Amino acid sequence: MTVDSISSENLSVEASSEGAPVEQVTDTRETQESLNKRVPVLELDRLSVTFDRPILDKLTAQMHGSCIGLLGPNGAGKTTLLNTLLGFNRKTTGRASILGHDLTSDNHFVRGLVGYMPERDSFIAGMSGVRFVRLMAELSGLSSKVALERAHEVFFYVGLGEARYRNIESFSLGMKQLVKLAQAIVHGPKILFLDEPTNGLDPPARARMLQLIREIRDSGDTKIIIASHLLQDIESCCDEVLVLKDGKVAKYCNLEEERRSNKHFLLIQIRGDEEGFVEGLRKLGCEVALPNRRRIKAIIPEGVEIQHLYALAESLSVQIRNLDYKRDSLEDIFLRAMEED
Amino acid sequence: MAIFQKAYQGYSGPLTKPMDRTWVIFRYALADVFQSRLFLAFFAVCFLLPILLMCFLYLFYNLEFLIEMDVDLEELTEIDGNFFLLAMQYPQNFMLFVMIMAIGPAMISPDIRNNAMPLFLSRPINKASYILGKLLVLLVLGSLISWVPALPLFFWQGYLAGGGWLGDNLHLIVASVVTSMAWILSLSLLSFAVSAWVEWKTVARLAFFGILFFSSIFGGVVTEIFGGWGGYMVNIYAGIEVIMRELYRADSNLLDWMADMQIGYALLQFFLLSVISLFVLTRRIRAFQVVS
């Protein structure tokens with residue numbers, strides 16, 4: 001086990017992950033091997049981008065998740081970071097790598113691994129959906145025949161099979177979002193960049209989009225990086241989150257670990273001998289806090305079960321009125337990160 | 001069963017060579033051009049002139065026909081560079097202009113307007129491949145209606161004239177190829193640059209026509225006032241006229257109105273026009289807009 005440091009200029013957060021030597025990969029098969037060896041999906045090393053003002057300021061991070069969220073308020077630098085990773089922007093200083101490939105020296109190769117769903121409407125006028133997606137597949141390197149086959153398949157996969165011969169300009173906003181996803185995954189990319197994928201979608205379409213993202217994530221074939229300002233979207237799909245604020249890393253959060261570590265975090269409401277109950281909890285080995293009257297926060301150690309609490313309450317003639325598993329939501333984490341200077 | 005009907009799967013099959021991606025852009029752009037029946041009709045019409053000239057040459061060398069038509073053989077004009085310049089190259093240049101005005105602006109501007117550039121440039125192709133793919137469409141179609149049909153015409157004339165005519169006039173083949181390609185290239189790049197700048201294809205067409213039209217008027221005014229070659233440098237068509245006249249070795253009195261400019265300046269004009277157009281293109285074709 002190694003410790004990877006996630007930090008911006010004045011912030012340092014630690015995250016545990018398995019480390020492995022990075023190997024130069026030259027073809028798709030080797031890339032798969034590298035993935036298996038836990039090469040970082042995304043590695044930023046003091047990455048800065050400046051236009052007329054600094055947009056990204058010395059970002060440093062190393063992330064291994066299968067779905068990585070870039071979270072932040074509007075103007076935080078999420079899209080700029082995506083654009084830089086895609087090679088659209090030139091970095092000012094620092095370095096970045098994707099799946100172990102340096103963006104500067106292996107730019108062309110990296111773009112062969114990438115699928116990209118932009119935030120804004122993006123299509124080619126006057127084309128049917130399937131022809132558009134086929135063109136995108138061919139541009140990614142698929143042969144004409146395979147591209148046509150996969151274009152049809154991906155249209156069915158995203159749920160637009162019946163509309164695939166319609167002109168894209170006639171599609172609704174939700175359909176256009178799905179077509180953007182289709183063109184991004186048609187060539188089976190190793191890493192998928194999604195920029196605000198649920199923008200403008202109604203609730204059912206949004207749920208469908210998030211479901212598709214989770215399915216792609218769970219396939220294990222494709223790593224995903226999502227930029228969004230919607231906390232629920234990130235929370236429902238991602239296992240690692242990088243919160244950006246004013247072009248800096250405000251917080252790194254491994255949601256998967258958070259979920260695991262907070263499994264025994266309880267919020268308890270009682271009536272009766274509070275002091276005695278708290279003392280009893282401490283004797284059981286629990287960490288206890290009293291955030292307000294008649295509410296007790298307790299972190300329960302391994303080996304202590306809920307029935308032990310009920311037994312304690314019975315022995316002290318205390319009523320347990322409410323007992324709830326509780327953990328910090330992403331919203332809590334995000335809001336704290338925004339408040340921190 | 002289709003793989004995506006069951007679950008999402010990645011792709012690990014073979015990939016095409018990087019150069020093939022340029023051909024993909026070319027192939028799709030070419031197919032888009034021929035979706036218009038109007039363009040198809042125009043394209044067919046462009047072949048009428050070479051066919052008519054072939055018939056003319058056949059009749060020109062048909063002594064029986066000429067005698068029957070009571071044509072004075074002494075008055076017949078000579079078939080040389082002047083003839084091919086006036087009868088073939090000039091009309092072809094006009095057709096090329098119409099063709100490029102029709103399809104050139106429609107090739108780039110819709111992609112930029114509909115924000116398609118991030119989709120292209122996030123894939124393993126670059127701006128140069130994209131521009132080259134689109135440019136190849138105009139180069140191929142332009143060639144097909146200009147110097148390609150001119151070649152059989154020269155050989156037909158050489159065959160009919162006999163007596164080493166072809167050997168004496170081989171420079172006409174070079175003149176036709178070079179002049180046509182230079183005209184196609186400069187107009188194509190200009191149309192791409194204008195359409196990349198304007199982003200609306202109808203407006204881009206008007207702007208493209210306006211640039212050529214007003215550059216010739218402005219160049220004429222400058223020449224009238226100040227004299228010399230400065231005005232011709234502004235007039236985009238003057239440059240190609242000079243290149244044509246030099247390469248065809250044309251000296252007919254009918255060409256006296258042509259620009260009086262050295263070929264070096266004409267080549268410089270062609271070079272500058274191409275460089276400026278490419279500069280604008282590379283500035284405008286990008287994956288995202290920077291908002292200050």
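Helix H10 of chain A (residues 274-283) has three buried residues, Phe277(A), Gly280(A) and Leu281(A). Here, buried means 20 or more other C-beta atoms within 10 Å of a residue's own, exposed means 12 or fewer, and partly exposed lies in between, with C-beta atoms placed from the backbone. Helices are DSSP runs (H or I, at least four residues), numbered from the N terminus. These three residues span an arc of only 100 degrees around the axis, so they sit on the same side of H10(A); the arc is taken from the directions from the helix axis to the C-beta atoms. An α-helix has 3.6 residues a turn, so residues three or four places apart point the same way. On the face turned away from the buried side, H10(A) carries the exposed Glu275(A), Arg282(A) and Lys283(A). Just after H10(A) comes Gly285(A), with a positive phi of about 100 degrees.

A word on the model: it is predicted, local features need pLDDT of at least 70, side-chain atom pairs count only at pLDDT 80 or more, and totals for chains, interfaces and linings use all residues. Residues are numbered from 1 along each chain as its sequence is written, while chains are lettered from A and ligands numbered from 1 in the order in which they are written.

Now for two helix pairs. Axes are lines fitted to C-alpha atoms over the stretch in contact, and angles run from 0 to 180 degrees between N-to-C directions.

| Helix pair | Axes come within | Crossing angle |
|---|---|---|
| H4(A) (residues 129-139) and H6(A) (residues 173-185) | 8 Å | roughly 30 degrees |
| H6(B) (residues 81-103) and H12(B) (residues 171-198) | 10 Å | roughly 20 degrees |

The angle therefore makes H4(A) roughly parallel to H6(A), a label for angles under 35 degrees. Their crossing is right-handed, meaning that the near helix is turned clockwise from the far one by less than a right angle. Gly129(A), Phe132(A), Val133(A) and Met136(A) of H4(A) meet Val179(A), Ala182(A) and Gln183(A) of H6(A), a contact being C-beta atoms within 7 Å.

In chain B, H6(B) and H12(B) are likewise roughly parallel to each other, and their crossing is right-handed. Residues in this contact include Phe84(B) and Leu96(B) of H6(B), and Trp183(B) and Leu187(B) of H12(B).

Finally, Phe288(B) lies in the segment after helix H16 (263-284) of chain B. Phe288(B) is partly exposed, because 19 other C-beta atoms lie within 10 Å. Leaving aside residues up to four places away in sequence, Phe288(B) touches Asn83(A), Phe88(A) and Pro118(B).

Definitions and conventions. Helix = DSSP H or I, 4+ residues; strand = E, 2+ residues; numbered from the N terminus. Parallel < 35°, antiparallel > 145°, perpendicular 65-115°, else oblique. Contact = placed C-beta atoms within 7 Å.
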